[in-house]
Amino acid sequence: MTIIKNQLSLYVFVSVLFVVGVIFGALMVNALTLEQQQDLAQDVNQYVKLMNGGISSGVADSFWERFFFHGKWLLLLWLLGITVVGIPGVLALNFLKGALVGFSVGTLINQYAWKGVLFSLVSVAPQNIIAVPAMVIISAAALSFSLYVIKNRLLGQKGELAPQLANFTSTAVLMLFLFAGAALFEAYVSPALISWVSPLLSPDNATI
């Protein structure tokens with residue numbers, strides 16, 4: 001029961017940190033200067049025009065690009081977990097991930113108001129429904145392993161390290177499959193959803 005309680009506490013802590021990052025990222029949009037917001041608006045409008053024109057990279061290339069992107073995050077979290085001193089890095093990555101999501105959603109809402117909410121639901125939210133829980137799980141596993149090493153090695157207590165490392169690594173492998181699912185969604189499903197919604201958006205509807 002203690003182990004389960006500790007794991008649950010880590011899940012809650014990492015999740016709260018991610019949410020704080022989302023809020024911070026969303027608020028950062030309002031902190032931009034008017035010129036920066038206008039430049040960002042032009043980039044978003046250009047992307048919308050490309051989607052309206054049906055211009056996009058091949059789905060296979062898109063899948064591998066997103067898969068390797070998620071894989072790099074996963075590998076970095078695994079490495080930070082086994083180094084023990086990487087605990088602050090694990091926390092920072094979760095905050096950064098939340099900030100990126102919050103900034104993306106905040107930018108779309110700032111640009112297109114309520115239509116930005118709709119665009120966020122099809123462009124940002126779907127794959128993150130898979131990717132974010134996977135990141136929370138591997139982050140909690142990384143923190144759990146690091147704390148175990150600190151307790152059973154650095155503080156003089158004895159405990160078998162190999163089984164814990166195997167459990168941590170197996171969790172990472174399982175999360176890799178979830179990240180692959182997120183990449184598949186981004187490559188095959190998201191473009192269709194975005195193409196369906198993007199005609200509703202136009203530079204004339206921008207709020208800045």
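K97 lies over the face of W73, at 6.0 Å from the ring centre, and the charged end of R66 sits over the ring of F69, 4.5 Å from its centre. Here, a charge sits over a ring if NZ of Lys or CZ of Arg is within 6 Å of the ring centre and within 35 degrees of the ring normal. A word on the model: it is predicted, with local features needing pLDDT of at least 70 and side-chain atom pairs pLDDT 80 or more, while totals for chains, interfaces and linings use all residues. Residues are numbered from 1 along each chain as its sequence is written, and side-chain values use heavy atoms, leaving out hydrogens and water.

K97, W73 and F69 turn up again in the lining of the second largest cavity, together with H70, A131, M135 and F179. A cavity is a set of points on a 1 Å grid over the protein atoms alone where a 1.4 Å probe fits but cannot get out, and lining residues have an atom within 4 Å of a point. Helix 3 (59-83) gives the most to this lining, with 3 residues.

Now to the aromatic pairs, of which the whole structure has 9. Rings of Phe, Tyr and Trp (its six-membered ring) pair if their centres lie within 6.5 Å; planes under 30 degrees apart are stacked, over 60 edge-to-face and the rest tilted.

| Pair | Type | Centre to centre | Angle between planes |
|---|---|---|---|
| F24 and F95 | tilted | 5.4 Å | 45° |
| F63 and W64 | edge-to-face | 5.0 Å | 70° |

F24 lies in helix 1 and F95 in helix 4, so their pair ties together parts 71 residues apart in sequence. Helices are DSSP runs (H or I, at least four residues), numbered from the N terminus. F63 and W64 also belong to one aromatic cluster with F67 and F68.

Conventions
On a 1 Å grid over the protein atoms alone, a cavity is a set of points where a 1.4 Å probe fits but cannot get out, and a pocket is an open set with protein on both sides within 12 Å along at least five of seven lines; lining residues have an atom within 4 Å of a point. Helices (H or I, at least four residues) and strands (E, at least two) are DSSP runs, numbered from the N terminus.
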